[in-house]
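This report goes through some local backbone features of the structure, then its chains, contacts and cores.

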Amino acid sequence: MVTLKIDGQKVTVRKLSTILDAVRKLDIPIPTLCHHPELSPFGGCRLCLVEINGSPKPVASCTTFARNGMDVTTTSPRLEKLRKTTLELILSDHPKDCMVCERAGDCKLQELAYFYGIRENRFGGEQRVYEKKDNNPFIARDMEKCILCGQCVRICDEIQGVGAIDFAYRGLRTKICPPFENDLNCEFCGQCVAVCPTGALTGKMWDQKGRQNFKEVDTVCPYCGCGCNITLHIWRNEVRRVSSKEETLNEGWLCAKGRFGYGFIHSPDRLKKPLIRTAPKDISAFPIHQTNPPLPPFTKGGRGGIHPSSFSLHPLSSFKEVSWDEAFDYIANRLKQIKENYGPDAIGGLSSARCTSEENYLFQKFFRAVIGTNNIDHCARY
Amino acid sequence: MDKDILIKVCTGTGGVASGSKEVLETFKGTISSAGIAASFSERCSAQRVGCRGFCAQDVLVDVIINGEKTTYKHVKPDMVGKIFTEHILNGTPVAEWIVDKDYHTFHQKQTKVVLSHCGEIDPEDIHAYRAVDGYKAAKMALTSMSSQEIVNIVKNSNLRGRGGAGFPTGLKWELGLRIASDIKYVICNGDEGDPGAFMDRSVMEGDPHAVIEGMIICAKATESHHGYIYVRAEYPLAVKRLQMAIEQCYEAGFLGKNTFGSGFDFDLKIFQGAGAFVCGEATALMRSIEGKRGMPTPKLWRSAEKGLWDRPTVLNNVETFANIPRIILRGADWFMRLGTERSGGTKVISLSGKVKNTGLIEVPLGVTLREIVYEIGGGIEGGKSFKALQTGGPSGGCIPEELLDTEVDYESLALAGSIMGSGGMVVLDETSCMVNTAKFFLEFTQSESCGKCTPCRIGTKRMLEILERITTGRGKEGDLELLEELGHYIRATSLCGLGMTAPNPVLSTLRYFRDEYEQHIRNKKCPAAVCRDLITYSILEAVCTGCGACKRVCPADAIRGVRKKPHRINTELCVKCGTCFDACKFKAITKV
Amino acid sequence: MEEILQKILGEYRENEGNIISILQDIEKAFGFIPEETVTWFSKKLDIPASRFFGTATFYSQFHLKPRGKNIITVCRGTACHVKGSEKLLNRLFLELDIPPDEETSTDSKFTIEKVNCIGACGIAPVTILNKEVLGKMTLDNLMKEVKKIKARE
Amino acid sequence: MFGSGAMTNSIPEIENHDIIFVIGSNTTETHPIIGLKMKKAVRRGAELIVADPRKIDLVRFSSVWLQQRPGTDVALLNSIMHVIVKEDLIDKKFIMERTEGFASFKESLLAYTPEEGERITGVSREDIIKAAFLYGNAVRPGIYYTMGITQHTHGTENVYAIANLALMTGNLGRESTGVNPLRGQNNVQGATDMGCIPDFYLGYQKVTMPGIRQKFEKAWGIHLSDTPGLTATEMTRAALEGKIKALYIMGENPVLSDPDMNHTIQALKKLDFLVVQDIFPTETAELADVILPAACFAEKDGTFTNTARMVQRVRKAVEPPGDAKEDSLIIVELAKRFGVDMTYDIIEDVFREAGNLWPALAGINYRRIAKNGLQWPCPTHDHPGTPYLFKGAFPRGKATFTAVQFRPSDELPDHEYPFLLSTGRHLFHYHTGSMTRRVDPINRVSPCAYIEIHPEDAQTLNVREGDAVRVSSRRGTIEIMVLVSGRPAKGVVFIPFHYREAAANVLTNTALDPISKIPELKACAVRIERVETSPK
C-alpha cells in the first residue's frame, strides 16, 4: 500500500495505483478525456495534469504511479491555465456545431468547455476536413469531432479483442479509421460508441431522434443468457436508444444485438390483434422444399426453407381478427373439448425462454393446475 | 622500388556521393594494370576507409609512402593517373591538389576518441579493426571481469548518454543489472533523426565494430542476451556495414552462443527503422521494434524495468556505445580527465551550415563554441558575419554571438537556452532569418509529431500558424506573447521529449532575436531578406547595364526594359522567386 | 502475387519479424503497399488489418499509392535547408508537372520525395536520384540530371 | 453428477480464472459479454483451452486449441482425464471427502490413452497432454460449455465427462472455480427454474417425488397429475402419432428451431388445435388455429434469470402495440374461462408465490433487485445471494463419478452423405431470427444464410465464395450460399439456423439423447452439390 497526500488530504491506495486512481478515490474532480479505468493508460489528452511538490513540471496523473510521501496538488492557477489552453487547442480543431450535434448535453468536451467558460478561442487555424462518410449500418463516424483520445481504439483492441480500427497517419493528420479508410466492418458491438467522449461516434439509429426529455428505463437485454443490463431511452412510448451503465454486471459492454437490435419492438410486423383461422391449413401451408425440386433462380440467401414472402406479408389471408373475448372463448372451448375427448395429456404446452419468470410460472401452473397435465416444456434443449 | 604504399580513400556517404567509389576503383585498376611490377603491387594497396569528417573537401585521399602521409582533396577519377605517376612512382606529390591549411587546423583542435578509427581503417574488415586492438576490451570484459566491475568502470568514467539527455550511462547500466529477468534487452539507438546531425551515421559507417563491441560489453554488464541495433532507413550504407560486421562477429565467435569462449550468449540483430523522427524517443523506438506505430508510451515504468516487450531494457545511442571499448581499455580515469568535471570524454559534433569547414568533428567536452566555429570551422563562409549557432537540432535552440564562449557540455548549453542534443551544430549567418529558421524547425517537429497528445499535435500546429502569419506579413501585436505562452505550455504538458522540446527553437530565438520578430510584425520587413512575402526586389538603375539577363530568366514576366537601358521590376507581377537576383552579374538587383 | 507474399511470410516466420518488416518487404516487392497484400497477411497472421494500415501510414517509408518510375529525393535537413534545398524542390515540382498535394507526376514517371536529413550535411544540399546520392546540388545541375532521365524515358 | 443445470460461478468471477476450458461453446458469438470476460481473463494472464471443431474466434486468444471431430467430446475428455490420472494431478482429498465411485471410474479411463484420443478425435496427443497439464495444474479453472456439448445423442455422457473432470481435480465449489453451462436464451434459466419442464415443478422439485405433488396441490388448491409429461421433442413426435391433439405454444418457434423441419411441420399440421402466442407472425404461427398477440420484453414487468442464476428486474418501458397483451394477463384471463382464478394484483405477487414454493428464491423481492440482481439460492431476506455453488457440500451429499464410454453420433458421414453438418448461431442474428431479422441494420450486415466450407473442400466441390450449393440430408434439401472459411475442419460444414429461407433445420436429425431428450443438432450427414445458376 502507498500513502500520499492530495490537496492536503491523506489517502492510501494499492501499490501500482496511479495518482489519478488516488485522486478518484478521494472523489476530487479532475478533468480527463482519454482515461478509462478498464483500459491501458494512454496519457494523450494532458488534462489530468497535477503538480507534485518538488518536481518542476506538472505530470499527467493518469500515467504516474502514486508513491509514498508524494504531495500532490490537483488544482492551482497554473494548472487551470494549462488545462484551459489544452481545451482551447482541442476546440480550435473541433466543429462548433453543438446546436445540431447528437451528443450535445451528453458530451464531455462540451461540458469541460462550459466549466472552463471557453466562449471564444485564441487559436484559429487549420481544421481537419473529412468528407468521407462511413456506410456501415450501425455507427456514425464523424471524425472531425474526434479528439483522438484513443478510447475506441483501445476498447476495440483490449476489451473486444477485435482491432477493427487504429490510429493512422500522424501529426495533425492523425485519424482513427478502419484499414485503408474503408467502411467499418466489425462485430458492431458499439463499445466504441459507448466510450466516445464527443459526438464523433454515435449510433446511426438514434441520429436525430431527440436529445432531451427521454424517460430512461433500466431493464435486461432480451437476447442471450448473459443477462446484460440495459437502459431503454423512451420518447413518447417509443424506444429510441439503448445504452448500458458502467456499474452493471456487464460493465456497460453490450453486443450488436443488445445495443442496436431493439428495432423489432416497433416493427410494423408486430401482432396487434388476436387472430382466428378461417381457411383450412393446407391452403396457407408454405412451400417447403422437398428433394428434387424445380430450380427457380437462386435469390438472396438461399432456398429450401420457408419462402420469405409467404406469410408475414399476408398474415390476414387465412385468419380473421377477433376480439380478445372471442379468442379466449374459442380457445377455452376447443381445449375443454379435447380434454374431454382425449384426456388432459392430449394437450401440451410449450413455454418460452423469452418470457419472464413470472409468466413461465403462470404458464406451467396453468397447464398443471388448470389443464391437468405435466406436458409442459420449453426450448431449453435447442 | 622499395616502398610501402598505402592509399586510403574515404567512402562514407559524403565521399560516395562525391564519387569516391570510382576514385577507389581507378586507383585499384591502376595498381593492378600492366606495366607495374608484381612485387610492387603487393606492397601497394588502395583501401576504403570511413568518413574522416571533412566532407566539404571530399573525395579525400591519403597517400602514405613509408609512413609519410599526404592528403589530396577533391579527387576525381581523372586525377588518379597524375597522382599515381608523379607521386607514387616518382615521389613528387602533386602540390596543387594537396589539402591546404584548413584541413590541418580542422583536425588540430580535435581530440579523436570515438572517431579515431574513422578514416583510418577499412570498416568492412574485422581484421582491420582487430589490428587496432579491436575486441580486446570485449574479450577482457567477458572473460575476466564481473558485470559489476564493468558497471563500476563506466560509472567512474563519467560517461553520459550521447543521445541528448545526458543521463549517466553507468547508472543506467547498474539499474539494468539490478533488475532480474530471464529476458533482457540491449538496444543501440541509431535512429539519428535530427536534421543536421550525422555523427552516428559516420560512426556506424566508419567504425561499426566499435559499436558492436560496446554493445557486447553492455550485454555482459547488464546480463542481457539479446540486442538490437535500430538504424534509420535513410542510412542504407550504415545498415550494410553493420550487417557485415555482425556476420563477421558471428563467424569469429564474438556474437552468438558462448562468445569469446566465455560461456556468455549474446545475439544481436539489426532493426531498420521506417522513417519517423519520433522513433528516436526511447519508448517510441521500442514500440517500433515491436512492430507498432512509433507512438511514445507514458513512462509509468522506466525502460530498465519494463522496456521492449515489457522486459528490462538498456538503451544507449551509437556514440555512447562506441566510447565503451576505449573506456574499458584505457581506464575510467583517462576518459574522465578528457572532459569536464560533470561529464567525461569527448563529443562528436557535426558542423554544418554557413561555415567554411563543414564536417564531422570530435572535441573534448569543455571547449567553447567559439573555438568550434572559428578555429575548427574556419569562420563564416564568404566573409559574411556570424548570426547564431543552432545546436541540438529541432529540439535545441539558437545561441547568439555574445554567448559563443559557452563551453560545450550538457549544463552550459541548457543554461544558454539550447541543448547538447545529439551534437548537431548549424552555423547561421547574416543571411539567415531567425523567424524563418524557427519556422523551419517547427515545421519539422510538427510534421513528425506522432499525433498522440494534444499539446504537440495541435499546439505546435498553432505555433507554426502564428509563425507563418509573421513571416508573411500578417503578424499582429500579441503574437509573440501568444507564441511564448504556447511554447511554455507545450514544454510543460507534452507527453514525450519530442513535444516538450519542440518549442525550443522558437523560444530561444524569441529570447535572443526578439527584435527580428518585431521587425517582421511591425515593419513588415525581414532583415535577412529571406521571408519572401516581406521582401521587394528592385533594380538599381545606376548599376544596371541593361543586359537583359534578368528579363530572360524571370518566370513571371515581371521585368521590363529596353536593351542597354536600365530595366525595371513590376512589383505587382513579381513572384519573388529570386531568379533574377541570382542571374544578375552586376549586383544591380537588390532585395529589401 | 501469392507466391511473393508466401515468401515474405516464410521470412517473417523464420526471422521472428514483425509488421514493419513485412511492410518493408511488401514495399520492396511492389513499390507500395497494395490493400490486398495487407488483407492477405491479416488473415494469415490473425493480426487486424487496421494495425498494418496504422503502421504503414505512420512511417514515411511506406506508400499507399504506386510511385513513379524515377524517384528524386530532396533532403530537407537543416544544412540543406540553409543551403537552399527548398528552391530545388519547388523547381522540381514545377518542372515535372506534379499536381498540387501529390508527389507523383501524372504520367507516373517521376516521384518527388522529401527526406528528413540523410546525414550528408557536409555536402549540402543533397539530392538522391534513383538511389544515387548527389551532393552540393545546384539548380542547373539538377535540371541537367532531370533532362538526362527524361531523355532516357 | 452433482446438481442442477446452471452455472456454478457468477459472471464477474470469470475474469479471475487462471485456466478457462471452453468446450462446445462459440462463446464470443453466442454469449458475447461472457466472451468479453474470458478475453479479459486472458489479458490478465489466464490461459485458455478451446475445444471446438471450428476455429472459432476464441481460438485467437487460446494457448491450446483442440480441434476434435464433431461428436468425439467424450473421447477427448476421457483422454485428458487419462493423462491427469497418469500424471497424478488429481485432488485426492476432494475425491475422498466429497465424491464416490472414483475407483471404478478410474478403471474406465484406462483405455483412453492420448494415442487412442488422437485416433478418435483427431487432436494430437501433444495437445491432449498439454491441455491436461494446463487444467490439471490450474488453481482456479472454469469449464464452459453450451449446446456443442449437449446437442448430441450422447449429450448427457458429454456432460458427465465434464463433471468427472471437475470432480477428479477438485475444481468445484470455490470462487472462480467450477463448471458452467451457458444457457442460450435470456430467461431459459428462469423458465427451467419455474418448472416449465415436464418432470419438475419449480425449483427442480420432482413431479414423481412423494410429498412434492401434495405440497403443490395444497398451495394451488387443486388436484395435480402424477405422471411426468412429455418433452418438447416428444410432444412433436406424439402429435405426429396422434397422441397429442392440442398444443399451446407461448413465444416459441419450433418450426425453425427444432430438428427436421418437415417432420415438425407435419406434426403441427396434424394437431386438432394449435394456439400460438407471440409478438410476431412466426413460421409456427402460420400453422396455428388461434394466434394471440403478446407483449415484448420492453412492454412488461417481471424478472429474467440469467445463465448465472441471477434474478434481474425487467421493467415496462412502453405500451404494447394495438391490442397486444402481456403474456401473464393472457394466461390469467384464459384460466378464468376454466373457472380457475389466477389473478394477482401486481406481478411481484406471482414472484412471491414462487418464492414461497421454492426456498432458493424466498429471499429475493423486487426491492432487493431494484438496482442489481441476486443469484439464487437466496433463502432469506438478508442472504446476499450465492455467486458460486457447492461451497463445502453438494445438495445430494457426495457427488458421484459416472463412467462414460465414447459412442459415435447417430448419423455419421458416409459415401452418400460425405459431409458432417453442424448448426448453431452467429453473432448478429438471434435464434430463429423473428426479432433480429426485423432489425434493418442487422439484416444489412448479415442478410443471408451461408454454409461455411473449408477451402480444400470448396476446391474439391469446385465452388467459390458466393456460389450456390444444394445441401441435402436424409431429411431434406436446401440451397444456400457458400462461405469459404478456414473455420471448420476439412469435411465439416456449418450452417447458422437463423434463416427461414434456407433453414438449417430442414437437414438436421431428430435423434435424441435418451436421458436429456436433447436432439442431435450438432452432427448430421449431408451431401453438397454445386448449383449451376449463379447468385445475383
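## Cis peptide bonds

Val59(B) sits in the loop of chain B between strand 2 (44-49) and strand 3 (61-65). This is a predicted model. The peptide bond that leads from Asp58(B) into Val59(B) is cis, and its omega is near 0 degrees.

Another cis peptide bond is found in chain C, between Ala124(C) and Pro125(C), with omega about -5 degrees. Pro125(C) belongs to the loop that runs between strand 2 (110-115) and strand 3 (127-129) of chain C.

## Positive phi in chain A

Leu148(A) is not a glycine, yet its phi is positive, at about 60 degrees. The residue is placed in the loop between strand 6 (139-141) and helix 4 (151-159) of chain A. Leu148(A) has 26 other C-beta atoms within 10 Å, and it counts as buried because the cut-off is 20 or more.

Glu251(A), also not a glycine, has a positive phi of about 55 degrees. Its loop lies between strand 12 (239-243) and helix 6 (256-260) of chain A. With 22 other C-beta atoms within 10 Å, Glu251(A) is buried.

## Domains of chain A

Chain A is split into domain 1 (2-75), domain 2 (91-206), domain 3 (215-266) and domain 4 (275-285 + 312-381). The centres of domain 1 of chain A and domain 3 of chain A, taken over C-alpha atoms, are separated by 34 Å.

## Chain D as a whole

Chain D contains 19 helices and 21 strands. Along the principal axes, its C-alpha atoms fill a box of roughly 65 × 65 × 45 Å. The radius of gyration of chain D is 24 Å, which agrees with the value near 24 Å for a compact globule of 536 residues.

Of the 536 residues in chain D, 63% are buried. Among contacts in chain D with a separation of 6 or more, 70% are between residues 24 or more positions apart.

## Contacts between chains

Which chains share the most contacts? Five pairs of chains are in contact, and chains A and D share the most. Chain B and chain D, by contrast, are joined by no contact, and their closest C-alpha atoms are 14 Å apart.

The contact between chains A and D involves 118 residues from chain A and 146 residues from chain D. On the side of chain A that touches chain D, helix 9 (residues 357-371) of chain A gives the most, with 13 residues. By class, this side of chain A is made up of 63 nonpolar, 33 polar and 22 charged residues.

Leu275(A) has Ile291(D), in strand 11 of chain D, as its bridge partner.

## Nonpolar cores

The largest nonpolar core has 488 residues, and Ile80(D) and Ile162(D) have the most contacts inside it. Leaving aside neighbours within four places in sequence, Ile162(D) is in contact with Leu77(D), Ile143(D), Tyr145(D), Ile149(D) and Val179(D). Another core, of 11 residues, lies apart from the largest one; Tyr537(B), Ile559(B), Ile569(B) and Ile589(B) are among its residues.

How values were computed: Residues are numbered from 1 along each chain as its sequence is written. Chains are lettered from A and ligands numbered from 1 in the order in which they are written. This is a predicted model: local features need pLDDT of at least 70, side-chain atom pairs count only at pLDDT 80 or more; totals for chains, interfaces and linings use all residues. Two residues are in contact if their C-beta atoms, placed from the backbone, lie within 7 Å. A nonpolar core is a set of buried Ala, Val, Leu, Ile, Met, Phe, Trp, Tyr and Cys residues joined through C-beta atoms within 7 Å. A residue is buried if 20 or more other C-beta atoms lie within 10 Å of its own, exposed if 12 or fewer, and partly exposed in between; C-beta atoms are placed from the backbone. Domain bounds come from an automatic or database domain assignment. Helices (H or I, at least four residues) and strands (E, at least two) are DSSP runs, numbered from the N terminus. The radius of gyration is taken over C-alpha atoms; the globule rule is 2.2 Å times the number of residues to the power 0.38. Ala, Val, Leu, Ile, Met, Phe, Trp, Tyr, Cys and Pro count as nonpolar, Asp, Glu, Lys and Arg as charged, and the others, Gly among them, as polar. Two strands pair if DSSP finds at least two bridges between them.
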